[in-house]
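Subject: Structure handover

Hello,

Here is the structure you asked for. My notes on it follow below.

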Amino acid sequence: MINRSDIIATERLRSTGLRVTNPRVSIYAFLLDNTSHPTCEEIYRILKSEDEGLSFASVYNVTQKLAEVGLVKELIAPDGQKHYDAITSFHGHFFCNHCNSIYDFACTKQMYEKQLSTHRLESINIYAKGTCEKCL
């Protein structure tokens with residue numbers, strides 16, 4: 001059964017010029033529906049139950065390609081693990097030191113761009129670390 005996220009994933013893959021394949025659609029649709037910032041291992045574990053032919057190498061390669069074309073953000077957590085986020089608009093990430101959860105938070109890019117206006121910016125990443133409200 002095709003769901004809304006599959007349709008969105010297919011359209012966005014096409015818009016970047018990437019070939020539309022089942023692994024790309026299923027992995028990207030999963031990321032569009034998931035705000036927990038999963039790792040490749042988590043994506044593989046969950047999607048493997050739906051597609052027995054899916055390999056870990058496919059998950060790794062697809063997430064790398066999606067990040068390369070800007071459809072997802074790749075985050076490096078304090079523990080060094082790579083996580084993926086399909087929300088590509090400007091926002092910050094909060095890393096909980098206790099439960100290792102990652103939460104999005106709103107912030108504006110304009111403040112940083114103004115303060116760094118004499119520099120050529122390639123990217124701005126806002127990370128905060130601490131203890132989330134659930135762990136307090």
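Helices (H or I, at least four residues) and strands (E, at least two) are DSSP runs, numbered from the N terminus. On that basis the protein chain has 5 helices and 5 strands. From the N terminus on, their order is α-α-α-α-β-β-β-β-α-β.

Two notes on the source. This is a predicted model, where local features need pLDDT of at least 70, side-chain atom pairs count only at pLDDT 80 or more, and totals for chains, interfaces and linings use all residues. Residues are numbered from 1 along each chain as its sequence is written, and side-chain values use heavy atoms, with hydrogens and water left out.

Overall size and burial

The C-alpha trace spans about 45 × 35 × 25 Å along its principal axes. Of the 136 residues in the protein chain, 34% are buried. Buried means under 20% relative accessible area, exposed over 50%, and partly exposed in between (1.4 Å probe, protein chains only).

Strands

Two strands pair if DSSP finds at least two bridges between them.

Start with S3 (residues 92–96). 5 of its 5 residues are buried, so S3 is largely enclosed by the rest of the structure. Gly92, Phe94 and Cys96 point one way from the strand, and His93 and Phe95 point the other way.

S3 has two partners to look at. With S4 (residues 102–105) it runs antiparallel, joined by 4 bridges. Phenylalanine 94 has tyrosine 103 as its bridge partner in S4. With S5 (residues 127–130) S3 pairs in the parallel sense, over 4 bridges. Here phenylalanine 95 has lysine 129 as its bridge partner in S5.

S3 and S4 form a hairpin with 5 residues between them. Asparagine 100 lies in that loop. Its phi is positive, about 65°, although it is not a glycine. For context, most residues other than glycine have a negative phi. Asparagine 100 counts as exposed because its relative accessibility is 54%.

S1 (residues 73–76) and S2 (residues 82–85) make another hairpin, again with 5 residues between the strands. They run antiparallel and are joined by 4 bridges. Lysine 73 has aspartate 85 as its bridge partner in S2. In the turn, glycine 80 has a positive phi of about 90°.

Helices

H4 (residues 56–68) has 13 residues, which should span 18 Å at 1.5 Å a residue; its end C-alpha atoms are 18 Å apart, so the two agree. The expected span is 1.5 Å times one less than the number of residues.

Which residues of H4 are buried? Val59, Val62, Thr63 and Leu66 are. They cover an arc of only 100° around the axis, which puts them on the same side of H4. The arc is that of the directions from the helix axis to the C-beta atoms.

Arginine 45 sits in helix H3. It is exposed, with a relative accessible area of 55%. Arginine 45 and phenylalanine 56 are 11 residues apart in sequence and 8.8 Å apart in space, C-alpha to C-alpha.

Histidine 37 is in the loop between H2 and H3 (40–48). It has a positive phi of about 60° although it is not a glycine. At 1% relative accessibility, histidine 37 counts as buried.

Pockets

A pocket is found on a 1 Å grid over the protein atoms alone, as an open set of points where a 1.4 Å probe fits, with protein on both sides within 12 Å along at least five of seven lines; lining residues have an atom within 4 Å of a point. Grid points are joined across faces, edges and corners, and a volume is the space filled by probe spheres set on the points.

The largest pocket has a volume of about 250 Å³. Helix H2 (residues 22–33) gives the largest share of its lining, 6 residues. Asn3, Asp6, Phe30, Leu47 and Asp51 are among the lining residues. By class, the lining has 4 nonpolar, 3 polar and 4 charged residues. Ala, Val, Leu, Ile, Met, Phe, Trp, Tyr, Cys and Pro count as nonpolar, Asp, Glu, Lys and Arg as charged, and the others, Gly among them, as polar.

The second largest pocket holds about 160 Å³. Its lining includes Lys73, Phe90, Lys109, Glu113 and Ile124. That lining divides into 3 nonpolar, 2 polar and 4 charged residues.

Best wishes
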